[in-house]
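Here's a quick tour of a protein model, meant to be read with the viewer open.

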Amino acid sequence: MPNFTRNAIKASFLKLLSQRPLNQITVKDIVEDCGVNRNSFYYHFEDLPALLEEIVGEQAAVMIQRHPTVASAEEGCDAIVEFVAQNKRAVYHIYNSLSRDIFERHLMKLCQHVVSAYVEALPAGLAEEDRAVLIHFHRCALFGTVIDWLNEGMRWDIAAYFRQVSRLRLGWPEKPLGKDPLSV
């Protein structure tokens, strides 16, 4: 029964979050929507930020579990897009709230995983320091692109953008090792 209640609270919160901004959702709204009492909410969650932290953390963990390895840059970008697109309005409301840091922290963790998984699958021979530089650069580029997309109201097709970047292979080592991966 506790898992049922906990899951009902999370489902109600996500439902409400897809309808309105985070600052317009109260514990009272959630418990009324899912049919539990206020004490039940506080039994499971300390407050709304704790609920939000759990939901976003779980979603990021699901994406990481779905993509334990990343065979291509496209696959990695698709995982990030999937993370955001599953609950697009809810993500937008979280991003435009005082709890934005929760989303950003988990997005960065997901970007780190995706890029690391891809770079680690590159052929042997790339120096560890070079791998670290590639991971850092592309993690920040991926994260920054998603943040830019959110700042612009998610108006453009980010998946198409990532496919284009991947097609151009910006910065990925595709030439024999030892050559500058950023040179043309």
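What follows goes from the overall fold to a cavity, a helix pair and a handful of single residues.

## The overall picture

First things first: this is a predicted model. Written from the N terminus, the order of elements is simply α-α-α-α-α-α-α-α-α. The C-alpha trace spans about 65 × 35 × 20 Å along its principal axes.

Of the 184 residues, 42% are buried. If you take the contacts with a separation of 6 or more, 61% of them join residues 24 or more positions apart.

## A cavity in the interior

Rolling a probe the size of a water molecule over the atoms shows where empty space is left. How many cavities of 30 Å³ or more does a search of the whole structure find? The search turns up 1, and the volume of this largest cavity is about 130 Å³.

Its lining is made up of L14, I55, V56, Q59, F83, N87, A90, V91, I94 and F103. Helix 4 (48-66) and helix 6 (88-95) each put at least two residues into that lining. By class, the lining residues come out as 8 nonpolar and 2 polar, with no charged ones.

## Helix 6 against helix 7

Two packed helices are described by the angle between their axes and the distance between the axes. For helix 6 and helix 7 (residues 100-120), the axes come within 7 Å and cross at roughly 115 degrees. On the helix 6 side, V91, I94 and Y95 make the contact, and they meet R100, F103 and E104 of helix 7. Those contact residues split into 4 nonpolar, no polar and 2 charged.

V91 is worth a click of its own. This helix 6 residue counts as buried because its relative accessibility is 7%, under the 20% limit. Leaving out residues up to four places away in sequence, V91 touches V84, F103 and L150. V91 is also part of the cavity lining. For a sense of distance, V91 and V70 are 21 residues apart along the chain, with 24 Å between their C-alpha atoms.

Apart from neighbours within four places in sequence, A60 is in contact with F83, H106 and L110. A60 and F103 are 43 residues apart along the chain, and their C-alpha atoms are separated by 9.4 Å.

## Two positive phi values

Most residues other than glycine have a negative phi, and most peptide bonds are trans. M154 has a positive phi near 55 degrees, and M154 isn't a glycine. You'll find M154 in the loop between helix 8 (128-151) and helix 9 (158-168). Why does M154 count as buried? Because its relative accessibility is 9%, and the cut-off for buried is under 20%.

The other case is G35, which sits just after helix 2 and takes a positive phi of about 80 degrees. Within helix 2 itself (residues 27-34), the buried residues are V27, D29, I30, V31 and C34.

## Helix 9 and C77

Y161, in helix 9, is 84 residues from C77 along the chain, while their C-alpha atoms are 9.7 Å apart. R163, also in helix 9, is 86 residues from C77 in sequence, with a C-alpha to C-alpha distance of 8.0 Å.

How does the surface treat this pair? Y161 is partly exposed, with a relative accessible area of 35%, and R163 is partly exposed too, at 44%. Not counting residues up to four places away in sequence, Y161 touches T145 and W156.

Key
Residues numbered from 1 in each chain as written. Predicted model: local features only at pLDDT ≥ 70, side-chain atom pairs only at ≥ 80, totals over all residues. Heavy atoms only, no water. 1 Å grid on protein atoms, 1.4 Å probe; cavity = no way out; pocket = protein on both sides within 12 Å on 5 of 7 lines; lining within 4 Å. Points joined across faces, edges and corners; volume = space filled by probe spheres on them. Helix = DSSP H or I, 4+ residues; strand = E, 2+ residues; numbered from the N terminus. Nonpolar A, V, L, I, M, F, W, Y, C, P; charged D, E, K, R; others polar. Buried < 20%, exposed > 50% of the residue type's maximum accessible area, 1.4 Å probe, protein only. Contact = heavy atoms within 4.5 Å. Axes fitted to C-alpha atoms, helices over the stretch in contact; angles between N-to-C directions.
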